[in-house]
Amino acid sequence: MTDGRAATAVEAVFREERGRLLAALVRRFGDLDLAEEVTAEAMEAALVHWPVDGVPPNPGAWLATTARRKAVDRLRRDTAYAARLAILQVEAERAAPPAPEIGAGDDLPDERLLLFFTCGHPALPAEDRVALSLRCLAGLTTPEVARAFLVPVATMAKRIVRAKKKIREARIPFRVPSPDERPERLAGVLQVVYSIFTEGYVASSGCDLQRSDLAEEAIRLARILRRLLPAEQEVCGLLALMLLVHARRDARTGPGGGLVLLADQDRGRWDRTMIEEGLALVPVALTGGPVGPYGVQAAIAALHDEAADITTTDWPQIVALYDVLFALTPSPIVALNRAVAVAMRDGPQAGLALLEQLAEEPLLRDHHPYHVACADLLSRLGRKGEAAVAYRRALDLAGTEPERAHLRRKLSPE
């Protein structure tokens with residue numbers, strides 16, 4: 001086998017197996033840094049041996065065995081470190097069953113669920129949860145994570161180190177929460193995945209409107225969660241929501257990368273296969289137990305994707321679903337989206353009246369979509385001067401160049 005083919009094989013296995021391998025090593029040895037180091041060393045060993053010996057029949061098991069041996073060697077050389085890990089492991093095993101042996105058979109145990117819950121632990125700051133999830137579960141390098149969020153590599157490295165230090169010093173256990181803890185903790189994990197997706201759907205800053213790589217990575221993580229927690233409706237709802245929204249990605253920008261609004265999108269460019277997958281998941285997310293916010297949002301996205309155009313969209317049903325969503329999560333953002341839907345159902349004056357009631361909400365003062373919504377409704381009502389003021393405020397707050405270019409066009413004389 002050539003070096004190039006071996007590297008390709010390692011990369012393919014790495015993407016599929018890294019999260020499982022890292023999670024199994026963390027569960028076995030109780031240390032995230034050690035697990036990351038020996039996982040990387042096992043990958044390097046594969047690049048040395050596989051071109052000569054060929055790719056083994058079970059690459060994941062080969063990597064697991066190699067990584068476990070390297071971890072054991074490391075602990076033998078550093079007895080103080082090993083003793084400290086042993087103490088932590090005893091404490092962890094009091095709260096969870098002993099870790100299964102890795103690399104001893106054909107199948108690597110899938111312990112990624114504990115890694116999801118550890119990376120999304122509420123004791124970690126929100127930005128650290130996202131960074132650590134991308135690093136450990138998505139397999140992005142620190143420079144890749146930094147580039148994804150447009151921060152210096154040194155800043156992101158500190159963020160990841162800080163998160164690992166917090167896990168170690170706070171003795172955050174590497175385990176899946178108990179059934180009593182799980183609903184609250186799962187909500188935090190889903191929020192991390194959705195935060196990754198939203199940054200991909202509309203980047204917070206930069207020259208591009210979308211970061212499809214991040215959105216697709218979030219969908220991949222949600223698929224893993226769906227396999228690991230098939231009975232959880234909100235996992236299903238989140239996956240459905242992201243599929244139904246990401247299906248519009250190609251139509252959301254024009255040839256030059258400019259923003260194309262939903263009303264103006266060529267729906268023939270929407271990904272029908274992805275839409276069909278998302279639509280099939282919506283009934284599952286809405287039945288079998290109490291409805292959650294991701295399931296409701298998925299139902300709203302489904303109505304948009306099923307409509308032939310903006311005018312034939314079922315706006316009364318969308319408003320009704322926003323009423324349900326607001327009862328579940330009464331936030332100003334939900335109220336904003338509901339007001340826009342009301343404007344489509346009842347006319348711009350009705351929508352604007354609702355938006356004006358939200359004018360003093362602290363969360364919306366610097367939220368540029370709020371000012372865009374106000375400007376668009378004012379413009380439809382012929383109140384051009386007031387609309388221009390709102391467009392300028394939105395322009396000051398917009399994060400990406402395509403959004404700013406769209407708002408500058410709105411402010412240009414026709």
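The sulfur of Cys136 has its closest cysteine sulfur in Cys119, at 4.4 Å, which is too far for a bond, since a disulfide is taken here as a pair of cysteine sulfur atoms within 2.5 Å. By this rule the count of disulfides comes to 0. Cys136 counts as buried because its relative accessibility is 0%, where buried means under 20% relative accessible area, exposed means over 50%, and partly exposed lies in between, with a 1.4 Å probe and protein chains only. Cys374, with a relative accessible area of 11%, is buried as well.

The structure is a predicted model, in which local features need pLDDT of at least 70 and side-chain atom pairs count only at pLDDT 80 or more, while totals for chains, interfaces and linings use all residues. Residues are numbered from 1 along each chain as its sequence is written, and side-chain values use heavy atoms, with hydrogens and water left out.

Charged side chains come next. A search of the whole structure finds 23 salt bridges, a salt bridge being a side-chain nitrogen of Lys or Arg within 4 Å of a carboxyl oxygen of Asp or Glu. One of them joins Arg74 to Glu37, with the closest N and O atoms 2.4 Å apart. This pair links distant parts of the chain, for Arg74 sits in helix α3 (residues 59-77) and Glu37 in helix α2 (residues 32-53), 37 residues apart; the helices named here are DSSP runs (H or I, at least four residues), numbered from the N terminus, and strands would be runs of E with at least two residues. Arg74 counts as buried because its relative accessibility is 17%, whereas Glu37, at 38%, counts as partly exposed.

The side chains of Arg162 and Asp128 also meet in a salt bridge, at 2.5 Å from N to O. Arg162 belongs to helix α8 (residues 153-169) and Asp128 to helix α6 (residues 126-136), so this pair ties together parts that are 34 residues apart in sequence. Here Asp128 counts as buried because its relative accessibility is 1%, while Arg162, at 40%, counts as partly exposed.

In the salt bridge between Glu386 and Arg383, the closest N and O atoms are 2.8 Å apart. Glu386 is partly exposed, with a relative accessible area of 41%, and Arg383 is partly exposed too, with a relative accessible area of 27%. Elsewhere, salt bridges link Asp33, Glu36, Arg135, Lys164 and Arg168 in a network.

Helix α13 is mostly covered, with 11 of its 14 residues buried, among them Tyr294, Val296, Ile300 and Leu303. The cover over its buried residues includes α9 (182-201), α11 (233-246), α12 and α14 (315-328).

His304 is found in this helix, and it is buried, with a relative accessible area of 11%. Not counting residues up to four places away in sequence, His304 touches Arg248, Leu262, Arg267, Trp270, Thr313, Trp315 and Ile318, where contact means heavy atoms within 4.5 Å.

The loops deserve a look as well. Val291 lies in the loop between α12 (272-286) and α13 (293-306), and it counts as partly exposed because its relative accessibility is 32%. Together with Val324 and Leu328, Val291 forms a nonpolar patch on the surface, with about 200 Å² of accessible area in total. Patches are made of residues with over 30% relative accessible area and no salt bridge, with like charges joined within 9 Å and nonpolar side chains (Val, Leu, Ile, Met, Phe, Trp, Tyr) within 5 Å, and accessible areas come from the Shrake-Rupley method with a 1.4 Å probe, for which, in the case of residues, only the protein chains shown count as cover.

Gly258 has its place in the loop between α11 and α12 and is partly exposed, with a relative accessible area of 26%. Its C-alpha atom is separated by 5.1 Å from that of Pro402, although Gly258 and Pro402 are 144 residues apart along the chain. Finally, Arg171, in the loop between α8 and α9, has a positive phi of about 55° although it is not a glycine, and Arg171 is partly exposed, with a relative accessible area of 47%.
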